[in-house]
Amino acid sequence: MTPKLVISGLAKTFYTDRGETVALKGVDLTIGENEFVALVGTSGCGKSTLLSIAAGLETYDEGSITLDGAAITMPGLDRGVVFQSYTLLPWLTAMGNVEFALRAAGSNGREAQEIARAHLSLVGLEGFEQAFPAELSGGMKQRVAIARALSYRPEILLMDEPFGALDALTRHHMQELLTAVWEKHRLTVLFITHDVEEAVYLSDRVAVMTNRPGRIKSIVNVDLPRPRHYELLSSAKFRQLQRRILDDIRSESIAAAGLGKALA
Amino acid sequence: MLGGRIAAAQFLGVAALVFAALAAVWYGSTAAGLVRPLFLPSPAQVINRLAELWRTGQLTADVSISIYRITLGFLISTVLALPVGVLIGCYRVWEAAIEPFVDFIRYMPVVAFVPLTILWTGTGDAQKFLIIFIGTFFQQVLLVMDNVKSVPREFINLGRTLQMPEWRILQRIVLPSSMPAIWDSMRISLGWAWTWLVVAELVAATSGLGYRITTAQRFFQTDLIFGYLLILGILGLMTDQIMKYAGRRLFRYLEVR
């Protein structure tokens with residue numbers, strides 16, 4: 001497997017008026033080409049910081065992070081980012097939002113229109129091309145955001161809890177959709193979540209992060225067959241993997257919540 | 001119910017009812033002779049006075065000159081406030097350079113500038129523009145700054161992940177994103193501009209609505225004062241409604257169709 005995103009010894013400290021917070025310390029993680037890796041951890045463990053650094057939106061203090069061998073120092077079109085919050089521009093239609101990204105990437109006119117239309121249909125939004133974000137449901141908005149991030153063909157897709165704000169049912173549909181898209185088009189994905197079930201269902205490998213200062217605690221291979229369907233969730237193998245990751249994460253979340261004594 | 005919705009017709013009905021009730025109280029108290037006409041003239045007196053001024057062309061002349069002054073004064077102020085507000089909303093250094101100074105000026109009562117502006121520019125239109133400017137510009141700068149600052153951080157990050165140059169992010173994301181709020185700020189500041197115009201006209205002018213009100217006071221023409229106050233209210237209400245309507249048309253994308 002060709003390594004795509006390589007993170008080694010990465011550290012990040014935030015300095016505020018109230019002192020310093022070590023968010024990341026010694027993070028090592030390699031994501032191969034066309035691999036889907038989920039990063040799970042308790043809230044505040046620094047997983048979003050890690051994604052921001054990969055996106056080039058945040059600096060780091062130590063270590064290195066490279067994409068195709070080149071150091072990441074700033075944002076770039078070689079990375080597509082999907083945020084948790086809805087980031088569709090409200091004055092543009094669904095089409096307009098995808099075309100907005102394509103224009104920034106240098107496509108114009110008819111070409112951009114065709115690519116935008118194709119990507120909206122990829123996420124099942126035919127017929128909603130001319131809808132404004134205010135007219136779309138939360139799940140639809142995130143589908144447009146995914147279409148937008150895929151449209152300019154980035155080398156890697158960085159997703160920061162993209163389904164975190166959705167209700168449980170919609171979230172399941174989105175997971176199925178993302179798996180289907182990924183199985184058809186194969187691309188490198190780093191997916192941040194705190195939902196273990198989601199992580200196992202989507203990924204080839206699941207990396208568990210420790211509490212702050214965050215580093216990679218364990219990496220679990222998800223050797224479940226593809227194409228994956230929803231019935232998989234009730235299989236023994238799935239449950240077993242989910243259980244293992246949950247065990248890994250549980251000690252971290254108990255410590256983070258200060259529940260150690262109460263639950264002993 | 002807290003924050004509950006009502007039909008547009010119901011809203012209009014309630015609003016009209018309040019106006020009608022006030023008019024009825026006004027009519028009733030004057031018809032019953034409860035107050036002296038010098039203090040509160042009857043509606044008929046006021047309407048007659050306005051009709052008379054309309055026939056002689058005085059009313060149209062006063063309204064036109066005042067509208068001319070506020071339009072130009074407000075435009076000058078707005079055109080200058082927009083770039084300054086956007087600049088200090090985007091860059092902390094510029095905020096540090098300008099915001100405290102603007103706050104400092106903002107707390108000086110506009111009325112206190114009237115003698116100075118007369119000294120500087122005389123009693124012509126320029127002085128009216130200047131008073132409207134002093135009264136509106138500094139407030140607008142701060143409003144626009146806040147509007148620009150409330151552009152979601154995620155929108156700017158989106159521009160950065162798309163590798164857009166900074167000025168592009170400003171032009172394609174920050175400006176369109178803050179436009180609805182800026183429009184609203186302009187609507188609110190236009191209301192203040194009316195006040196400053198009338199203040200300027202009351203103190204030193206030879207024409208306009210404010211000027212006519214001062215001369216009316218000298219001749220005890222209370223009906224004219226009331227008439228012109230009503231006209232000012234109507235003009236204000238009209239501009240506000242027009243701005244609101246235009247805002248809804250311009251930013252229709254914010255509403256679910």
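Predicted model: local features only at pLDDT ≥ 70, side-chain atom pairs only at ≥ 80, totals over all residues.
The secondary structure of chain A comprises 8 helices and 10 strands. Its C-alpha atoms occupy a box of roughly 60 × 45 × 40 Å along the principal axes. The radius of gyration of chain A is 19 Å, which agrees with the value near 18 Å that a compact globule of 264 residues would have. Of the 264 residues in chain A, 44% are buried. Among the contacts in chain A with a separation of 6 or more, 71% are between residues 24 or more positions apart.

Within chain A, 6 strands are arranged as an open sheet of mixed pairing, in the order 6-7-8-3-9-10. The edges are taken by strand 6 (79-82) and strand 10 (216-221) of chain A; each has a single partner strand, so one side of each is left without a neighbour in the sheet. On average, and with direction ignored, neighbouring strands of this sheet are turned by 15° against each other. Strands of a sheet pair through backbone hydrogen bonds, in either a parallel or an antiparallel manner.

In chain B, helix 9 spans residues 209-218. Its buried residues are B:L209, B:G210, B:Y211, B:R212 and B:I213. The cover over the buried residues of helix 9 includes helix 3 (58-90), helix 8 and helix 10 (222-250), which likewise belong to chain B. Just after helix 9 of chain B, the backbone at B:F220 adopts a positive phi of about 55°.

The contact between the chains draws 18 residues from chain A and 16 residues from chain B. On the side of chain B that touches chain A, two or more residues are given by each of helix 7 (153-161) and helix 8 (166-203) of chain B. Helix 7 of chain B supplies the largest share of that side, with 6 residues. By class, the side of chain B that touches chain A consists of 9 nonpolar, 3 polar and 4 charged residues.

Methods
Residues numbered from 1 in each chain as written. Chains lettered and ligands numbered in written order. Contact = placed C-beta atoms within 7 Å. Helix = DSSP H or I, 4+ residues; strand = E, 2+ residues; numbered from the N terminus. Nonpolar A, V, L, I, M, F, W, Y, C, P; charged D, E, K, R; others polar. Rg over C-alpha atoms; globule rule 2.2 N^0.38 Å. Buried ≥ 20, exposed ≤ 12 C-beta atoms within 10 Å, placed from the backbone. Pairing = 2+ DSSP bridges. Axes fitted to C-alpha atoms, helices over the stretch in contact; angles between N-to-C directions.
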